Amino acid sequence: MTTDQQPLAVALERLNTVLPRAQYPLPLEEADELRRLTGTIANQVRDHLLPRAMRLDAPLLVVVGGSTGSGKSTLVNSLIRAQLTRPGILRPTTTSPVLVAHPCDLAWFDSGKVLPNLVRSSTPVHDSRALHVVAHESLPAGLALLDAPDIDSIDDANRTLSRQLLSAADLWIFVTSAARYADAVGWELLEQAAQRDTVVSVVLNRCPPEATEDLTSHLSEMLGQRGLPAARLFAVPESKLGPDGMLPLPDVRPIRSWLAGLAAESEARTDIALQTLAGAVRGLDQQLIRLADGVRQQSGAVEEMGRQAANQFRLAADEVAQATSDGTMLRGEVLSRWQDFVGTGEFMRGVEEQISRWRDRLTGWFTGRQEAEGVRGAINEGLAALIVEHGQAACESAVNQWSMTSWGRQIVDMHPDLAHTTEGFDADAGRTVRDWQADVLSLVAEQGRGKRTRARFLALGTNAVGAALIIVVFASTGGLTGAEVGIAGGTSLLAQRLLEGVFGEDAVRRLARRAKNDLDGRVQALFATQLTRFLHITEKLAVDTSAADELDEVAAQLRRAGSAAFNDLTRPKGF
């Protein structure tokens, strides 16, 4: 490895470790394509770029590829003059690809340095992920021929492998026929090769002798238009195969001579290897930028989904907090039970009397455990129903938010339970309210232990004072209208005056604030159990955003290393 090559190999090694961290789990518009591109680049780095960057003098890998029935295998056998690769009779053929090398080059291709993910086999096997490696002395040292699967195979595995092998080639021999040289699939791959600056040679097979000049002229023109003006073009005339199933030697002699010339000239081989390597490395630049942008888009979309769900449950908690402070709860059964408990009419007639007279009479109002339990039961039922209603609404709203995108709809379709609260949520809401009321009683009991308040507190009882504090928490009349303001507002004022008479004005404000904060916290915690289901999904989809930064860094590293390694490089002429 030269000094200029070392930074390139280091950069490619780093790319090889970074690529697996580039993930695209969310089904965004380009996710499938980015996943395929990541796999393609990973294969290209392992199969070709890294081993070639480490050893420019290694034998050339010449991949013979083409469409179904183009005669690839027959051409390879005819070039070597031996039946080493079997032409496909049944389509699609699932026989393993065949690599033929000179015995002295066999160690390089059999070692796994090139195409490391393909299992090596010394015999033909029916497995497209195996590589049948054959040594043959008729092939000159310095290069190997690899008969690849059909580029248009109806078998997905064969088609994928053919593209992987073409990306691993130092030199691609594209085999087509006079009848099919304009096929779209072949030109799509040829254009990709041109973009990567891959060295390409084209064999026009089964060419009618009388039309050879016209066909080669037209094909040469097409190659120039598609960015491959330097591609070496060979025409193999249409002829009958010999008894050995091979083309006549004169028909393939020009190709044999050309390959022999490449094998004999180490400088020519190096030029080809370097040209293809340089083009592939340069072609990575925009691809890596695209992968990095895709990772960031994935991260942004996943984070946005998490924010959307969190916002819905935050809004739900805010709405419950508002409803438990604007007077909304002082309606219906809660208000009725409270009025029965304290005697609203008695209060309304005495509202102008001095607080000392109230104190004397309040003991009589707060009598009987049954009435206090009625207030607590009404609060529990009403508040729990409020929490359940808003919890369910938050689930539905979060699902609706996610369903506004195609990828979000796919996730929602996979998790239909997200639209509803979990089983047992209603019971959890009731338990949350009961626990909160129990803590309110503990809070007022603790406050009532003071020497100054003890007598007055004991005269009223924990249940009565606790109920009054809850009414104060619900006391604001911002959500009430008309007669409700007079009734509920006046009733809550009684609770306020009652508590002030027992604890003092400052203590009442402090107790109400603590009770309200405790309630808000419990509701938020309860909603968090529902939000967790959504966040668990986004956590599974979360991507490592540092991979995007590293891809950018590797792209810059490859640009610097490539500039040094390929300085003043020009395409080798005549290859």
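Helix α3 crosses helix α8 in a right-handed sense; a crossing is right-handed if the near helix is turned clockwise from the far one by less than a right angle, and left-handed if anticlockwise. The model is predicted, so local features need pLDDT of at least 70 and side-chain atom pairs count only at pLDDT 80 or more, while totals for chains, interfaces and linings use all residues. Residues are numbered from 1 along each chain as its sequence is written, and side-chain values use heavy atoms, with hydrogens and water left out.

**The chain as a whole**
- The chain contains 20 helices and 8 strands; helices (H or I, at least four residues) and strands (E, at least two) are DSSP runs, numbered from the N terminus.
- Of its 575 residues, 50% count as buried, where buried means under 20% relative accessible area, exposed over 50%, and partly exposed in between, with a 1.4 Å probe and protein chains only.
- Among contacts (heavy atoms within 4.5 Å) between residues at least 6 apart in sequence, 82% join residues at least 24 apart.

**Helix α3 against helix α8**
- The axes of α3 and α8 (residues 249–264) lie 10 Å apart, and the packing angle is about 70°.
- Axes are lines fitted to C-alpha atoms, for helices over the stretch in contact, and angles run from 0 to 180 degrees between N-to-C directions.
- The angle therefore makes α3 roughly perpendicular to α8; angles of 65 to 115 degrees count as roughly perpendicular, under 35 as roughly parallel, over 145 as roughly antiparallel and the rest as oblique.
- On the α3 side, Leu75, Ser78, Leu79 and Ile80 meet Val252, Ile255, Arg256 and Leu259 of α8.
- This contact of α3 with α8 comprises 6 nonpolar residues, 1 polar and 1 charged.
- In these classes, Ala, Val, Leu, Ile, Met, Phe, Trp, Tyr, Cys and Pro count as nonpolar, Asp, Glu, Lys and Arg as charged, and the others, Gly among them, as polar.

**The sheet**
- An open sheet of 8 strands runs in the order β3-β4-β2-β5-β1-β6-β7-β8, with mixed pairing; two strands pair if DSSP finds at least two bridges between them.
- At its edges are β3 (119–121) and β8 (232–237), each pairing on one side only.
- From one strand to the next, the twist averages 25°.
- Strand β2 pairs with β5 (residues 143–147) in the antiparallel sense over 4 bridges, and Leu99 has Leu146 in β5 as its bridge partner.
- Helix α3 also packs on this sheet, where it touches β1 (60–66), β2, β5, β6 (171–177) and β7, and its direction makes about 150° with that of β5.

**Helix α9 against helix α19**
- Helices α9 (residues 266–323) and α19 (residues 505–541) pack at about 160°, their axes 9 Å apart.
- They are therefore roughly antiparallel to each other, and α9 passes α19 in a right-handed crossing.
- Residues of α9 in this contact include Met305, Gly306 and Phe313, and those of α19 include Lys516, Asp520 and Phe534.
- By class, the contact of α9 with α19 has 15 nonpolar, 4 polar and 2 charged residues.

**Two residues with positive phi**
- Arg81 is not a glycine, yet its phi is near 65°.
- Arg81 sits in the loop between α3 (72–80) and β2 (98–101), and counts as partly exposed at 29% relative accessibility.
- Arg206, also not a glycine, has a positive phi of about 55°.
- Arg206 belongs to strand β7 (residues 199–207) and is partly exposed, with a relative accessible area of 39%.
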